[in-house]
Amino acid sequence: MASMTDTFHQALQHALASRNTVSIRNTLIEMLQRDPTKSEVSAASKVARKIAQDGDAVLISLLPDQAGAEAYVPTARGAGRRASNYLTVDEKIIKDLPCRVELATDKWDAVIDEGMRLTQQRIESDPMLSMFLPNWKAEPRAEQRARLAAKAAARP
């Protein structure tokens, strides 16, 4: 018998094969035919992180209206305004929402950096956004990794 982790991995990979953006929770509901428990959601989230670390997709947090028709919309009061975790290979979503990317490997860095550059342009060209986000600056992922590695190496 396959472990719960293996089963979730297969379900998420199968869902990604048929759709560009997959709700982790919705995939569990489809697979289990019921609402998943907290431990099942936790296990599926760990599997999604592993898939993202392998470079097969990007783990991203989206509001239901940002994820499109595939979006899982929880039924709890006010839950439609809360973000959920998704695995995506849709470059348009990643470029439009770079700050919501939770986990991606080097394979996706150029796409995410392009999204950050586009976001920076939007903020600079919109007076309201630039007023609300006066110090927001996009930092390319490669530079961020180098800065964090240098900071970690400097610690004794």
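At what angle do helix α2 and helix α3 pack, and how far apart are their axes? The close-ups below are taken from a predicted model.

**View 1. Packing of helix α2 (residues 24-32) with helix α3 (residues 38-53).** The two helices pack at an angle of about 120 degrees, and their axes lie 10 Å apart. Angles of 65 to 115 degrees count as roughly perpendicular and those over 145 as roughly antiparallel; α2 and α3 are therefore oblique to each other. The crossing of α2 past α3 is right-handed.

**View 2. Residues in the contact of α2 with α3.** From α2 come I24, R25, L28 and L32. They meet E40, V41, A44, S45 and A48 of α3. By class, the residues of this contact are six nonpolar, one polar and two charged.

**View 3. The largest nonpolar core, of 18 residues.** L12, I51, L59 and L87 touch the most other members of this core. At least two residues of the core are supplied by each of α1 (4-18), α2 and α3. The largest share is that of α3, with seven residues. Apart from this core lies another, of 13 residues, which includes L62, I93, W108 and V111.

**View 4. Surroundings of I51.** I51 is one of the residues that touch the most other members of the largest nonpolar core. With neighbours within four places in sequence left aside, I51 is in contact with H9, L12, Q13, L16, D56, A57 and L87. Among these contacts, L12 and L87 are listed with I51 as touching the most other core members.

Notes:
Residues are numbered from 1 along each chain as its sequence is written. This is a predicted model: local features need pLDDT of at least 70, side-chain atom pairs count only at pLDDT 80 or more; totals for chains, interfaces and linings use all residues. Side-chain values use heavy atoms; hydrogens and water are left out. Axes are lines fitted to C-alpha atoms, for helices over the stretch in contact, and angles run from 0 to 180 degrees between N-to-C directions. Helices (H or I, at least four residues) and strands (E, at least two) are DSSP runs, numbered from the N terminus. Angles under 35 degrees count as roughly parallel, over 145 as roughly antiparallel, 65 to 115 as roughly perpendicular and the rest as oblique. A crossing is left-handed if the near helix is turned anticlockwise from the far one by less than a right angle, and right-handed if clockwise. Contact means heavy atoms within 4.5 Å. Ala, Val, Leu, Ile, Met, Phe, Trp, Tyr, Cys and Pro count as nonpolar, Asp, Glu, Lys and Arg as charged, and the others, Gly among them, as polar. A nonpolar core is a set of buried Ala, Val, Leu, Ile, Met, Phe, Trp, Tyr and Cys residues joined through side-chain atoms within 4.5 Å. Buried means under 20% relative accessible area, exposed over 50%, partly exposed in between (1.4 Å probe, protein chains only).
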